[in-house]
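Dear colleague,

Please find below the structure that I am handing over to you.

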Amino acid sequence: MSAIYTTDEYGRPFIIVREQDKKSRKSGIEATKSHIMAAKTVANIVRTSLGPRGLDKILISPDGDITISNDGATIMSQMAIENQIGKLLVELSKSQDDEIGDGTTGIVVLAGALLEQAEELLDRGIHPIRISDGFERACKIAVAHLDKVSDVIPWSKDDTSDLFKCAKTSLGSKIVNKCHDQFAQIAVDAILAVADLERKDVDFELIKVEGKVGGELADTALVHGVIIDKDFSHPQMPKEIKDAKIAILTCPFEPPKPKTKHKLEITTVKEFEELQKYERETFETMVRQVKECGANVVACQWGFDDEANSLLLQHKLPAIRWVGGPEIELLAIATNGRIVPRFEDLSKEKLGSAGTIREMCFGTTNDNMIVVEHCANSKAVTVFVRGGNKMIVDEAKRSLHDAMCVVRNLVVDNRVVYGGAAAEISCSIAVEKEADQVSSIEQYAMRSFARALDVIPMTLAENSGLPPIETLSYVKSQQIKQGVWSLGVDCMDTGINDMKEQFVFDPLISKRQQFLLATQLVKMILKIDDVIVHRNDEQ
C-alpha cells in the first residue's frame, strides 16, 4: 500500500502517504508535447546536414575516437540519446539505412517537420487520432503522386550513364565530391559486377570495401578480385605469382595434438631428437600433400612456426597465414576454390585459381597487402579506398556504401523521381489540392502534411545559402504554372531549376520509403498519451 492510516498521541487520525519521488508521470497533451519536443530537438541536429551543401558533424566517443560525417544514420547512431522518443528517431534512420541505404538525413528531417506541424494542430484543439488519420490519408496521396511523377530510366550493362548520374547525386553531399565521377563509376562497376540481373538482386557480401590510410582519395580503385590485409609469411618468398593454384586451408601447419589436456615428458636427449624428427616428418608430409595436389600458393586460416615457414620456402611454396574468416570465404568464392579442413582432403578439384597474386607495398612503412586478381569467378570485387587520414577513409567508405545502395535500388526498380526537393514540392501541391475536397477535420492535418513536405526544399535552400521562403515560393509557382514536376531547388547555383537537365535523380523506392516510415513513426508518437517512469535509484 502507498498510504498508511494511523493516529497521533491525542488519538487524532491522519494518513501517511509514501513519497512519490520514485515515480513520475505525464499524461494527455502534456505527454504528447514533451515527445514532440524531444523528437524535434533530435531532428534539428541533422537538419543542417541535408543536401549537397550540407555541413558535417564531428562526433567524439567516450574513448576519444573522432568521427566526422554528414550521413544521417551515422550521426544518429553515434549520438548517446537518453530520451526514448529520440531513440525512435535513431531507429527510424537505421531502418532507412538497412532497407534503402540512402536518404537517412531526409527521413529524420521530414519526421521532425511532421511533428512540428502536429504540435500546431494540437494547440488548435484537434485530437491526436484525427491528426494521425489525416497524415495517413495525405501520405497515401503523396505516395500515389510519386508513382505518377516518376520516370523510368533505361540502362543496360553496356549503357550505365543513368546509373552513374544517380550515384553522382548520392555522392553530391559527401566528403568525396572532389572525386565525384571516379567514386560514382566505382559504385556502378562494383554493383554490376556482382548483380544477378535475372533475379534483380545484388549480394553485398561479394563486395568488400578495404581502406588504407595514405595516398589521396583519387588513388581509390576497384579490384576485380580480393585484397587481403596480410603479407607472405616469409620475406624471401616471391612477391608475384602468375597462374596461381591456391590451397585454402582451415587446418594449422603443425603436428596433431590431442583435444584433451595433455602433458609430454621428455627425459633423455634421444627422446627429444625423436620428437624433433617426428615434427619435421609431419611438416614434410603436409608440404608434400599440398605440392602433390598441384597447389603453388597456400592460404591458411591459422599461423605456423618458423620451421614450417622455412620448409615452405625450401619447397618454393609461398604462403599467407592468419587469413581471417570473412576473407577466406571471399577468397574461396572469388577463386572457385573449396575450403579444406584437413590435409588428407586436398585434391586438384578443390584448389582455387587466380591469374595473379601479388604483394603491394605502401610508402616507407612495412605495410603490405596481397591482391588476388583475374579470379576464376569474377563476381567478387574489392573497393580499395585511400585517404589522408582514418576519418576521411571511413567517411569515404560510408559515402561509397550509400552510392552503391542507390545503384542497387535502381537494379531492383529502375524508376526515379527528381531530386532537389522537386518530388516533395509536387507532392505538397497534390496533397493541398486534395485537402480542399475533404469535408472532415482531417483536411487540416492534410494541409499540415503538405507544409511539412515544404520544409525539405526550405532546408535545402537554407543550407545552400539561398533565401528559403523566396526559393520555395518561386519553385512552387513555376511547377503549378508550367506543370513540370522536375523543377526543384538549384542548390549548386547553376541557374537551372530543372533537375532533369541537372541530372539530379533519386530512386523512387527510396523516396516512397521515406514518406511511409516517417508518417508511421509520427502516428505512433501521437498515439502515446501517458508516460510512467519508475526510478530504480534510492533517494
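Predicted model: local features only at pLDDT ≥ 70, side-chain atom pairs only at ≥ 80, totals over all residues.

Sheet with helices packed on it

An open sheet is built from three strands in the order β9-β18-β10, and its pairing is mixed. The edges are formed by β9 (207-213) and β10 (221-223), each of which pairs on one side only. From one strand to the next, the twist averages 25°. Between β9 and strand β18 (residues 381-387) there are seven bridges, and these two strands run parallel. Within this pairing, E210 is found opposite F384 of β18.

Two helices may be described together with this sheet. Helix α7 (residues 180-194) packs on the sheet and touches β9, β10 and β18; the direction of α7 makes about 160° with that of β18. Helix α11 (residues 390-412) lies across β9 and β18, and runs at about 160° to β9.

Antiparallel pairings of β16

Strand β16 (residues 352-361) is joined to strand β12 (residues 240-249) by six bridges, and the two run antiparallel. Here I246 stands opposite G352, which belongs to β16. Seven bridges also join β16 to strand β17 (residues 368-375), again in an antiparallel arrangement. In that pairing, T356 has E373 of β17 as its bridge partner.

How far apart are the end C-alpha atoms of helix α16 (residues 508-526)? They are 27 Å apart, which agrees with the 27 Å that its 19 residues should span at 1.5 Å a residue. Of these 19 residues, 14 are buried, so α16 is largely enclosed by the rest of the structure.

M37 lies in helix α1 (residues 28-47). The C-alpha atom of M37 is separated by 15 Å from that of M524, although the two residues are 487 residues apart along the chain.

Aromatic side chains

The structure contains two aromatic pairs.

Yours sincerely

Terms used:
Residues numbered from 1 in each chain as written. Heavy atoms only, no water. Phe/Tyr/Trp six-rings, centres within 6.5 Å; stacked < 30°, edge-to-face > 60°. Pairing = 2+ DSSP bridges. Helix = DSSP H or I, 4+ residues; strand = E, 2+ residues; numbered from the N terminus. Expected span 1.5 Å × (residues − 1). Buried < 20%, exposed > 50% of the residue type's maximum accessible area, 1.4 Å probe, protein only. Axes fitted to C-alpha atoms, helices over the stretch in contact; angles between N-to-C directions. Contact = heavy atoms within 4.5 Å.
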